[in-house]
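Here is a set of questions and answers about how the terms used for this structure apply to it.

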Amino acid sequence: SNKVVIDSIKDDKNKLLWIAGLKGSGKTHMAAALKTLSNGLIIEAKDLSENKLNNLSKNKCLIIEDIDRFKSENLLLHIYNMLTERRHKLMITSNTSIANINFKLPDLKSRLNSMTQINIGLPDDELLTNLIIKQFTDRGVLVEFEAINYLIKRIDRSFESITKLVSTIDASSLEKSKKITIPFIKKVLKL
């Protein structure tokens, strides 16, 4: 499912994206990928304001995170219209789908419904494996595949929890000068 999001981000014809997923599903990672690929600007929905409107609309790519916390439907409609008139990219992230947000302005609702909507599920085993390997590799730590396989079957499947878990295991490994093995993981995580 994240491959679909990445493909949509890379597709320059796809100017309007709504990314929905639970906390920890990777929406912020996808937003960062679009920011990098499109030289975009990320702003939290709660920080949107009229006085920022001109600067926001100048961006070739605007990414609004956590739209669930927006303040003004009129402002959001105005931002949407300005960006689409200029043929700029707009990505909105949310914990829920467009249909589940009770927009009062019919124009806003219909415009948002025209966006490409992608729902991100929690990562599958393959993505979890790659994420854990990358997290450990970024820290300069080699971990046996069996230990990673053991972890995958016993952890919360969110990006956020994986980051915390790898950090905890790595810190404990450094502190105790121990290799990361299944028995070591059992001890650290009290499994």
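Q: What makes K178, I180 and F184 contacts of S173?
A: Contact means heavy atoms within 4.5 Å. Leaving aside neighbours within four places in sequence, S173 meets that condition with K178, I180 and F184. This is a predicted model, in which local features need pLDDT of at least 70, side-chain atom pairs count only at pLDDT 80 or more, and totals for chains, interfaces and linings use all residues. Residues are numbered from 1 along each chain as its sequence is written, and side-chain values use heavy atoms, with hydrogens and water left out.

Q: Why does S173 count as buried?
A: Buried means under 20% relative accessible area, exposed over 50%, and partly exposed in between (1.4 Å probe, protein chains only). S173 has 11% relative accessibility, so S173 counts as buried. Its place is in helix α8, residues 159–176; helices (H or I, at least four residues) and strands (E, at least two) are DSSP runs, numbered from the N terminus.

Q: Why is D170 called buried?
A: The relative accessibility of D170 is 7%, and therefore D170 counts as buried.

Q: What makes the pair D170 and R139 a salt bridge?
A: A salt bridge is a side-chain nitrogen of Lys or Arg within 4 Å of a carboxyl oxygen of Asp or Glu. The closest N and O atoms of D170 and R139 are 3.2 Å apart, and the pair forms a salt bridge. D170 lies in helix α8 and R139 in the loop between α6 and α7 (145–152), so the two tie together parts 31 residues apart in sequence. R139 is partly exposed, because its relative accessibility is 36%.

Q: How do you know that K134 and D138 form a salt bridge?
A: Their closest N and O atoms are 2.6 Å apart, and the rule asks for within 4 Å. Both residues lie in helix α6 (residues 125–138), 4 residues apart, about one turn of the helix. K134 is partly exposed because its relative accessibility is 48%, whereas D138 is exposed because its relative accessible area is 57%.

Q: What makes E144 and K179 a salt bridge?
A: The N to O distance is 3.0 Å, and the side chains meet in a salt bridge. The pair links distant parts of the chain, with E144 in the loop between α6 and α7 and K179 in the loop between α8 and α9 (182–189), 35 residues apart. At 39%, E144 is partly exposed; at 54%, K179 counts as exposed.

Q: How many salt bridges does the rule give?
A: The count comes to 4.
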